[in-house]
Amino acid sequence: MPSSRCLQITAILLLALGLVVLVVTLSGQKPLASFVDNLIKKQVALAPGTDTFDNWQSSPVPIYDDIYLFNITNPAEFNKGEKAIVQPVGPFIYQKVEYKKQANFSGDLKYAMYYDYEYYLFNETETLKHNNKTRLSDIVYIPNIPLLTVVAQIAHNSLIPSFIKTQLEEVVAKYESLRGVNYLTLNGSVHDILWGMDDPIMKILYSLKLAPSPQLALQTNGSTDPGAMTRATVVHTGHFDIAKVDEYHLFHGRNS
């Protein structure tokens, strides 16, 4: 049986060993934390030539939009003030491709600057799986949301002279003779209604810089915002603060 002195010596040695382990652990925490921080920064922060940058610039995961329209089946009665009878049409399945064009970095890698760009690709195969009744070329009637939106914005804009508003009212009154339908209703192929069709009133408003486009469209194919390709977006890369990675500094040229 070990003597009491041996037990004391053993206890002292174990205590000393414990203190050594504790000191080594505490002294190693800072280098370890720094190593982990640098590892996370290297994997997450935006930098040219990395997988993180490639995935940020263009997502490897495909994005699909299922688009439906609501066709007015009684357009003549609707234009006379009766309740619209609508029938859902679709889905029309599009792949949405988002891309950050002309991406480049500040000299100190604190910021990344780019221009937003997106476009839609029609997926006919997937569309036919879910919708074998309606084609992009089929004619539908929908409420004239694009024109009504622009007209309402002009009517409530106090900066636009009253004589222009009066002229607009006169043009809208002649809309039926210009397009063959009441201004409340927009008719055309599914494709044209989605992505753009010529319209006499929109051309006039566009020439007066009162409309963003000379066409009527529910969607834009080419960019989310006509100004997105002329006004840069700037984000933090995370090199100076990993918590700020991809946080906006400027959005389309404006302070976020």
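Predicted model: local features only at pLDDT ≥ 70, side-chain atom pairs only at ≥ 80, totals over all residues.
Let's start inside. The largest nonpolar core has 27 residues. Those with the most contacts inside it are Tyr-94, Val-140, Val-190, Ile-193, Leu-194, Met-202 and Leu-205. Which elements supply at least two residues each? Three are strands: E1 (63-72), E2 (86-105) and E4 (139-143). The helices are H5 (145-155), H6 (162-173), H8 (190-195) and H9 (200-207). H8 gives the most, with four residues.

Now look at Tyr-94. Leave aside its neighbours within four places in sequence. Tyr-94 then touches Ile-63, Tyr-64, Asp-65 and Ile-67, among others. Its contacts also include Tyr-120, Leu-121, Phe-122 and Asn-123. Leu-136, Leu-194 and Trp-195 are in contact with Tyr-94 too.

Apart from the 27-residue core lies another core, this one of seven residues. Leu-46, Phe-53, Tyr-114 and Val-235 are among them.

On to the sheet. Six strands form an open sheet in the order E1-E2-E3-E8-E9-E10, with antiparallel pairing. Which strands are at the edges? They are E1 and E10 (254-255), and each pairs on one side only. Further in, E8 (residues 233-236) and E9 (residues 248-251) pair antiparallel over two bridges. There, Val-234 stands opposite Leu-250 in E9.

Last, the surface. Tyr-68, Phe-70 and Val-86 make up a nonpolar patch there. Together they have about 310 Å² of accessible area. Phe-70 sits in strand E1.

Conventions
Residues numbered from 1 in each chain as written. Heavy atoms only, no water. Core = buried A, V, L, I, M, F, W, Y, C linked by side-chain atoms within 4.5 Å. Buried < 20%, exposed > 50% of the residue type's maximum accessible area, 1.4 Å probe, protein only. Contact = heavy atoms within 4.5 Å. Pairing = 2+ DSSP bridges. Patch = residues over 30% accessible without salt bridge, like charges linked within 9 Å, V, L, I, M, F, W, Y side chains within 5 Å. Areas by Shrake-Rupley, 256 points an atom, 1.4 Å probe, with all protein chains shown as cover. Salt bridge = Lys/Arg side-chain N within 4 Å of Asp/Glu carboxyl O.
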